[in-house]
Amino acid sequence: KCGTTKYMFVSRKDGGDIQKWLTEKFPNTELHLPVLTHKGIEKAAFAGPGTMLDNRIRNLDENAERAWRGEKVRNEDIVTHPKSSMDEAAMYHDLRYHHAGRVAKDKKELLKLKQKADLTPSTPIQSTGGQMRRVSQRLR
């Protein structure tokens, strides 16, 4: 009817990040999804935000690189096994994400070193003939 009060149940704010919201509300907490297993409904080992991979996978960096290449993680390196096929997919997702983060961090460090090397001033040194020679100091 016209002239009656109307309510809006959906906010006008566009987008939202539930993972960000959950990790802000529950910092340093693993929040895992329920998954259906042969035992019934269980809490997933990997699916969900906040998974601490270093507690669940031995030789984390090596196995993350294996996952990145599409290889299987060695069974003896898995401390907590995935509860279902969806949980296993989440494990490989987390490993690939970990590896990509390391690669990006390494690239940033290499870029910083290169920039530092390019900005290092040339240092004058005296040659055997008494003339000044400028030698560029570069990091390798």
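1. Surroundings of D77. Beyond the neighbours within four places in sequence, D77 is in contact (heavy atoms within 4.5 Å) with R56, I57, R58, N59 and N63. D77 sits in the loop between α3 and α4. With a relative accessibility of 5%, D77 counts as buried (under 20% relative accessible area; exposed is over 50%, partly exposed in between; 1.4 Å probe, protein chains only). The C-alpha atoms of D77 and R58 are 4.7 Å apart, while the two residues are 19 apart in sequence.

2. Basis of the model. The model is predicted, and local features need pLDDT of at least 70, side-chain atom pairs count only at pLDDT 80 or more, and totals for chains, interfaces and linings use all residues. Residues are numbered from 1 along each chain as its sequence is written, and side-chain values use heavy atoms, with hydrogens and water left out.

3. N59. One of the contacts of D77 is N59, which lies in the loop between α2 (53–56) and α3 (60–68). The phi angle of N59 is near 50°, a positive value in a residue other than glycine. N59 is partly exposed, at 43% relative accessibility.

4. Overall make-up. The protein chain holds four helices and four strands, taken as DSSP runs (helices H or I, at least four residues; strands E, at least two) and numbered from the N terminus. Their order along the sequence is α-β-β-α-α-α-β-β. The chain has 140 residues, and 22% of them count as buried. Of the contacts between residues at least 6 apart in sequence, 39% join residues at least 24 apart.

5. A hairpin of two residues joins β1 to β2, and T37 stands opposite G40 in β2. In a regular strand the side chains alternate between the two faces of the sheet.

6. E88 in helix α4. E88 is found in helix α4 and is partly exposed, with a relative accessible area of 31%. F46 is 42 residues from E88 in sequence, with a C-alpha to C-alpha distance of 7.4 Å.

7. The largest pocket. A pocket here is an open set of points on a 1 Å grid over the protein atoms alone, where a 1.4 Å probe fits, with protein on both sides within 12 Å along at least five of seven lines; lining residues have an atom within 4 Å of a point. The largest pocket contains about 340 Å³ of space. Its lining has 16 residues, with Q19, G50, T51, D94 and Y97 nearest the centre. Helix α4 (residues 85–119) gives the most to this lining, six residues. By class, the lining has nine nonpolar residues, six polar and one charged; Ala, Val, Leu, Ile, Met, Phe, Trp, Tyr, Cys and Pro count as nonpolar, Asp, Glu, Lys and Arg as charged, and the others, Gly among them, as polar.

Notes:
Grid points are joined across faces, edges and corners, and a volume is the space filled by probe spheres set on the points. Two strands pair if DSSP finds at least two bridges between them.
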